[in-house]
Amino acid sequence: MSFEFAARLVDRRLDVQFSVPDGETVALLGENGAGKSTVLAIAAGHLVPDTGQVSLDGRVLLRVGGGNRVDLPPHDREIALLSQDPLLFPHLSVRDNVAFGPRSRGRSRRASLTEADRWLDEVGAVEFSARKPSALSGGEAQRVAVARAMAADPRLLLLDEPMAAVDVSVAPVLRQALRRVLAGRTAVLVTHDPLDALLLADRVVVLDHGQVVEEGPTREVLARPRSAFAADLAGLNLLNGTWSGEHLRLADGTTVTGLVTGPSPESGGQAVATFRPGSVAVYRDAPAGSPRNSFTTRITALDPLGDLIRVRSKHLSAHITTQAAADLDLVPGIEVSFSVKATEVSVYRL
Amino acid sequence: MSISRRFGALSFLAVAAIAAALLAGCGSSTKAPTAKPVTLTVFAASSLTGTFTDLGKKFEATHPGVTVSFDFGGSSDLVAQIQQGAPADVFASADESNMAKLASDHLQGETPRDFASNTLEIVTPPNNPAHISSFADLGHPGINLVICAPEVPCGAAAKKVAAAADVTLKPVSEEQSVKDVLAKVTSGDAMAGLVYATDVKAAGAAVHGVVFPQASSAVNTYPIVTITGSKNGALAREFMTLVLGATGQTVLAHAGFARP
Amino acid sequence: MTHQRAAAIPRWIYLPAALGATFVLLPLIAISTKVDWPHFAALISSDSSRAALVLSLKTSGASTALCVLLGVPMATVLARTSFPGQGLLRSLVLLPLVLPPVVGGLALLYTFGRNGLLGHTLAVLGIRIAFSTIAVIMAQTFVALPFLVLSLEGALRTGGQRYEVVAASLGAKPTTVFRRITLPLVMPGLLAGAVLSFARALGEFGATITFAGSLQGVTRTLPLEIYLQREGDPDAAVALALVLVVVAVLIIAIARPERAGR
């Protein structure tokens with residue numbers, strides 16, 4: 001069982017098809033106007049496409065054009081929506097906000113409150129229980145919104161840029177809360193931040209101008225984007241390894257030093273290091289005695305990228321100026337050294 | 001209505017005053033026209049609207065250059081306005097008690113003269129659905145009787161007549177004025193009402209009237225008087241004479257008024 | 001509450017504002033100077049005065065309740081749906097706001113009167129509306145309803161539908177959303193509308209006297225009593241007018257919209 005989505009909307013030039021396997025989270029990645037929000041609106045039942053079919057766990061939620069027309073109202077779709085604005089009901093306490101879903105589905109008041117307490121605990125928001133939403137910070141409110149969406153026990157969770165309106169300093173806490181609740185859940189996450197996709201999604205669907213341009217397992221798409229568009233958008237250097245307690249040890253024995261973001265990985269546990277291609281410097285010879293991370297690698301391709309050149313190797317890419325590329329006399333096939341400061345590298349627990 | 005009329009009169013006076021001042025300033029060579037326009041202001045009870053408008057026209061016809069301006073309203077309202085200094089030359093009241101209020105303020109130019117009287121009459125919708133034929137029938141339940149409130153003259157009269165006839169009236173509504181009573185009867189919501197004979201006559205085919213002998217126990221007398229300080233004292237007295245004379249009495253009788 | 005400086009308004013604007021305030025307040029002061037204070041208590045506690053005050057409060061309360069029952073659904077339909085002719089319907093619904101109340105009374109008479117549109121049907125059912133307290137409540141509701149619809153529709157539009165959308169996504173059926181989200185969120189607007197309706201009902205005169213008649217304890221509300229007493233006992237009329245003013249001011253002060261706000 002899973003979520004199947006197919007819809008065409010001519011006047012928004014949207015033609016999208018994708019599916020979410022049961023218990024997985026799919027990230028819809030794309031720039032503003034790519035059609036991500038339209039997809040969510042159709043799935044949630046706020047917009048009817050010209051043609052399309054949407055089904056969840058074998059139940060048809062929407063069918064337009066072809067077959068009997070079906071258009072279930074939003075409250076009957078078992079799809080919860082979490083947007084960037086927490087939209088907690090201002091007249092209800094935090095606890096009653098979270099209890100709203102189960103209460104609306106006919107559970108008793110007592111059972112609904114128990115369910116609310118469980119989910120507030122899950123997102124680390126028990127202490128706010130009695131407060132009114134107006135007394136919460138943006139990040140706290142969003143965590144409560146997550147708990148509220150989960151307490152409704154939806155078959156599918158739609159997350160529309162849930163981190164966009166949250167302060168950078170509290171984003172990691174919220175991201176962790178989402179990671180916990182999304183485990184084993186069927187969910188669609190709309191984002192333009194590849195990092196959110198990396199940490200929260202199993203699969204990625206990349207949208208551009210209303211079309212799916214690429215899809216696949218998250219790390220594969222982010223690390224080795226096949227389309228130039230996905231590369232521009234995602235284009236993140238990702239390195240998997242085990243955490244030694246101080247640095248990340250890759251399979252080939254190379255060590256990577258970086259800043260741990262979010263909860264610290266366990267020693268010997270899986271972790272991932274990420275850095276942006278723009279922060280990579282390229283040398284013909286490895287600089288000696290530098291505090292930088294350095295990776296010796298062979299150039300596979302050189303792509304123009306506006307004023308920059310993207311230097312690609314098997315696993316990594318670097319963006320450098322055309323002038324620097326000419327000075328270094330770079331051509332595919334030669335061996336170079338990619339160097340990146342430890343402060344530019346983020347390490348995440350997996 | 002009455003406000004705009006009065007305002008009209010006031011603004012006319014103001015314009016006339018300004019014009020006169022301008023003419024005087026221009027020099028003495030220009031002579032004013034021989035028949036100077038005069039406005040006679042008459043305050044009269046609203047039940048006199050039809051008859052007095054008629055008489056006003058007749059008066060203007062025999063008095064060239066004279067305009068008769070009327071202010072029709074409830075007698076108590078008119079008295080209050082005169083007491084506040086409204087520029088009335090003549091006042092015709094629908095009852096004696098309101099006329100008496102002017103005497104205590106020394107506003108009567110002379111002794112008032114009674115010029116007409118009016119008595120109550122039963123009024124029903126044209127088909128008389130409740131088959132009312134006597135005053136006693138008004139005591140029957142379920143006829144939706146509407147009368148005036150005892151606070152207003154027509155209600156006081158109704159109370160007096162009921163006492164004289166020894167009939168207990170159970171009205172469903174006690175209205176502010178005879179006009180309101182009449183409206184409830186013509187709309188068909190009330191099957192009987194008590195109004196003045198003149199109102200029945202004025203309503204014509206819209207209603208059916210039932211005369212009853214006990215009405216004589218409450219005769220409403222209409223007095224008329226000139227107002228102290230009137231600038232048109234002579235004309236005001238002439239108007240009073242017209243109302244009291246043969247012409248006036250014919251017009252009033254035609255409208256259903258009885259002699260005083 | 002806040003010490004923030006509000007955006008400056010032109011100084012000259014205080015003059016016409018003060019003029020307007022004087023225009024409204026001066027007549028109220030004038031009426032209180034006309035009151036026969038030594039006899040005030042006796043004047044307002046006569047049987048007829050008390051009956052009129054009690055009737056006024058009862059009927060205004062009932063018509064406000066009726067306004068809420070009918071006006072909340074009307075405002076919701078106007079604010080949350082769109083259909084052809086909606087603009088026209090809104091104008092018609094708000095018509096009593098601009099109609100002279102007497103015209104409203106006539107319209108009601110031609111609808112519910114004995115010879116009115118529904119008169120025969122009502123007579124068959126044994127229902128008599130004219131000259132009853134029901135007629136007073138109907139007349140008051142007719143003139144007061146637009147006040148509630150107008151302020152509530154404004155509140156609904158300003159509030160938007162974002163919370164309703166979220167509530168539906170949590171599985172709440174439309175009725176649940178309406179009861180638990182929509183209504184509580186527009187409560188300040190609803191309260192303001194109800195207060196306005198009550199005040200309008202309390203002052204209602206023209207439609208009542210035209211449609212309901214005037215009988216002590218049954219249909220003669222405070223404004224009708226004042227109008228009647230003006231004829232026979234002007235002192236009582238002035239005293240009662242002051243009572244009406246005080247009651248109206250109290251109601252608006254107690255339930256004024258800012259207080260009802262979150």
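These legends describe close-up views of a predicted model.

**View 1. Chain A is split into two domains.** Domain 1 of chain A covers residues 2-225. Domain 2 of chain A covers residues 237-349. Their C-alpha centres lie 33 Å apart. The two domains are in contact, with 10 residues from domain 1 of chain A and 10 residues from domain 2 of chain A taking part.

**View 2. An interface forms between domain 1 and domain 2 of chain A.** The area buried between them is about 870 Å². Carbon and sulfur atoms give 61% of that area. The count of salt bridges between domain 1 of chain A and domain 2 of chain A is zero. One residue pair is found in polar contact across this interface, and both residues have pLDDT of 80 or more.

**View 3. Two pairs of chains touch.** Of these pairs, chains B and C have the most contacts.

**View 4. Chain A and chain B do not touch.** How far apart are the nearest C-alpha atoms of chain A and chain B? These atoms are 49 Å apart.

Key: Residues numbered from 1 in each chain as written. Chains lettered and ligands numbered in written order. Predicted model: local features only at pLDDT ≥ 70, side-chain atom pairs only at ≥ 80, totals over all residues. Heavy atoms only, no water. Domains from an automatic or database assignment. Contact = heavy atoms within 4.5 Å. Buried area = accessible area lost by both parts, 1.4 Å probe. Salt bridge = Lys/Arg side-chain N within 4 Å of Asp/Glu carboxyl O. Polar contact = N/O pair within 3.5 Å; in protein donor to acceptor, adjacent residues only side chain to side chain.
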